[in-house]
Amino acid sequence: MKNLILAIESSCDDSSIAIINKDNLKCIFYKKISQELEHSVYGGVVPELAARLHSAALPSILEQCKSYFNQLCAIAVTNEPGLSVSLLGGITMAKTLASGLNLPLIAINHLKGHIYSLFLEEKAIFNMGILLVSGGHTMVLYINNKKEIQILANTSDDSFGESFDKVAKMMNLPYPGGVIIENLAKNAKNKNIKFSIPLKHSKELVYSFSGLKNAVRLEILKYENLDENIKAEIAYGFEEAACEHIIDKLEKIFKQYSFKEFGIVGGASANLNLRSRLQSLCEKYHIKLKLAPLNYCSDNALMIARAAVDAYERSEFVKIDQEILSPRSQNFLRM
């Protein structure tokens with residue numbers, strides 16, 4: 001019985017392939033190869049290096065999937081948004097597979113994939129709010145029961161996740177900085193360094209992390225020797241302000257919109273400080289909080305596969321010779 005969908009994710013620096021059973025949403029195969037170690041030397045993702053690493057990792061993973069080829073009913077791939085050279089590797093493989101196996105091809109928006117990480121093994125039912133903190137994105141969405149997407153808030157500069165990476169880099173800490181800053185903050189012995197909450201007194205529903213990032217830079221300049229205790233104290237102060245900024249704007253949104261359910265998705269949604277604060281906020285407003293599993297918060301092919309199941313049911317296929325690669329999000333009006 002041909003009821004499996006193979007999905008490929010290569011939008012940035014993670015090479016991942018997953019196979020899902022479209023009938024019961026069970027994960028049949030999943031693997032991800034991270035490039036964090038290779039990019040950490042440069043303090044961030046180097047596109048050309050990412051492309052070369054994808055070209056080695058994706059075929060290696062695909063080799064492990066061959067036994068499922070005769071059960072496949074479709075091929076899915078992330079086509080937007082992301083690094084062009086990274087997306088190209090996954091799209092080329094997906095088109096080759098779809099053509100060689102004579103299967104329909106499904107193009108999946110990466111951000112939609114993150115939203116589907118809330119529904120990996122269950123039917124996706126919308127009419128809810130979403131906080132999406134992924135890579136270069138920080139936005140609050142409302143998705144109605146017609147699956148139409150409305151952006152309620154966005155960032156005007158850096159994203160939540162980017163700000164963690166940049167603060168880590170300021171303190172000569174490895175990339176990626178999210179987990180490192182979070183762990184440093186947990187171990188802070190002193191908690192005397194405080195930073196102002198961005199746009200605290202503004203009614204505008206917009207995020208901005210550039211001012212906070214600059215405040216951290218100025219704080220670092222005060223010290224001739226930045227020892228581990230000071231780094232931890234700065235990390236704590238920064239994380240507190242960054243998380244509070246997210247929550248402050250969310251509370252303003254919660255006062256305007258009556259959500260029964262609210263979800264948080266994206267790699268940066270694994271931050272436990274942010275999760276805890278959001279849980280408290282949702283309890284205050286009697287909103288059910290829906291969380292993606294920690295193992296599937298960051299970029300992964302299973303979320304792409306799950307999104308592809310719904311796309312398959314709607315027969316949303318693309319032609320093999322169609323140009324589908326887009327570094328920016330072009331298809332984000334509805335799920």
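The model is predicted: local features need pLDDT of at least 70, side-chain atom pairs count only at pLDDT 80 or more, and totals for chains, interfaces and linings use all residues. Residues are numbered from 1 along each chain as its sequence is written, and side-chain values use heavy atoms, with hydrogens and water left out. Helices (H or I, at least four residues) and strands (E, at least two) are DSSP runs, numbered from the N terminus. Helix H10 is largely enclosed by the rest of the structure, because 11 of its 13 residues are buried. A search of the whole structure finds 0 disulfides. The largest pocket has a volume of about 1,300 Å³.

**Helix H10**

- H10 runs over residues 301-313 and spans 19 Å from its first C-alpha to its last, close to the expected 18 Å. The expected span is 1.5 Å times one less than the number of residues.
- Buried residues of H10 include Ala301, Leu302, Met303, Ile304 and Ala305. Buried means under 20% relative accessible area, exposed over 50%, and partly exposed in between (1.4 Å probe, protein chains only).
- The cover over these buried residues includes strands E1 (4-9), E2 (14-21), E3 (27-34), E4 (72-80) and E5 (105-109), and helix H4 (110-116).
- Asn300 caps the N-terminal end of H10, with a side-chain oxygen 3.1 Å from the backbone nitrogen of Leu302. A polar contact is a pair of N or O atoms within 3.5 Å; within protein, one must be able to donate a hydrogen and the other to accept it, and residues adjacent in sequence count only if both atoms are side-chain atoms.
- Ser315 follows H10 and has a positive phi, near 55°.

**Cysteines**

- The search for disulfides (pairs of cysteine sulfur atoms within 2.5 Å) covers the whole structure and finds 0.
- Cys27 is in no disulfide; its nearest cysteine sulfur, in Cys65, is 10 Å away. Cys27 is partly exposed, at 35% relative accessible area.
- For Cys243, the closest cysteine sulfur is in Cys297, 14 Å away and too far for a bond. Cys243 is buried, at 0% relative accessible area.

**Largest pocket**

- The volume of the largest pocket is about 1,300 Å³. It is the space filled by probe spheres set on grid points, joined across faces, edges and corners.
- The largest pocket is lined by 45 residues, of which Asp13, Ser134, Gly135, Asp165 and Tyr175 are closest to its centre. On a 1 Å grid over the protein atoms alone, a pocket is an open set of points where a 1.4 Å probe fits, with protein on both sides within 12 Å along at least five of seven lines; lining residues have an atom within 4 Å of a point.
- E3, H4, helix H5 (160-170) and helix H6 (177-186) each give two or more residues to the lining. H5 has the largest share, 8 residues.

**Selected buried residues**

- Glu182 lies in helix H6 and is buried, at 8% relative accessibility. A polar atom of the Glu182 side chain lies 2.8 Å from the backbone nitrogen of Leu272.
- Beyond four places in sequence, Glu182 touches Glu239, Ala270, Asn271, Leu272 and Asn273. Contact means heavy atoms within 4.5 Å.
- Ala235 sits in helix H8 (residues 228-256) and is buried, at 0% relative accessibility. Leaving out residues up to four places away in sequence, Ala235 touches Met171, Ile181, Leu184 and Ala185.
- Val206 is in strand E9 (residues 206-207) and is buried, at 15% relative accessible area. Apart from neighbours within four places in sequence, the contacts of Val206 include Leu199, His245 and Lys249.

**Backbone features**

- A cis peptide bond joins Glu80 and Pro81, with omega about -25°. Pro81 is in the loop between E4 and helix H3 (84-101).
- A cis peptide bond also joins Tyr175 and Pro176, with omega about -5°. Pro176 is in the loop between H5 and H6.
- Lys147 is not a glycine, yet has a positive phi of about 70°. Lys147 is in the loop between strands E7 (137-143) and E8 (149-155).
- Leu199, also a residue other than glycine, has a positive phi near 50°. Leu199 is in the loop between H6 and E9 and is partly exposed, at 33% relative accessible area.
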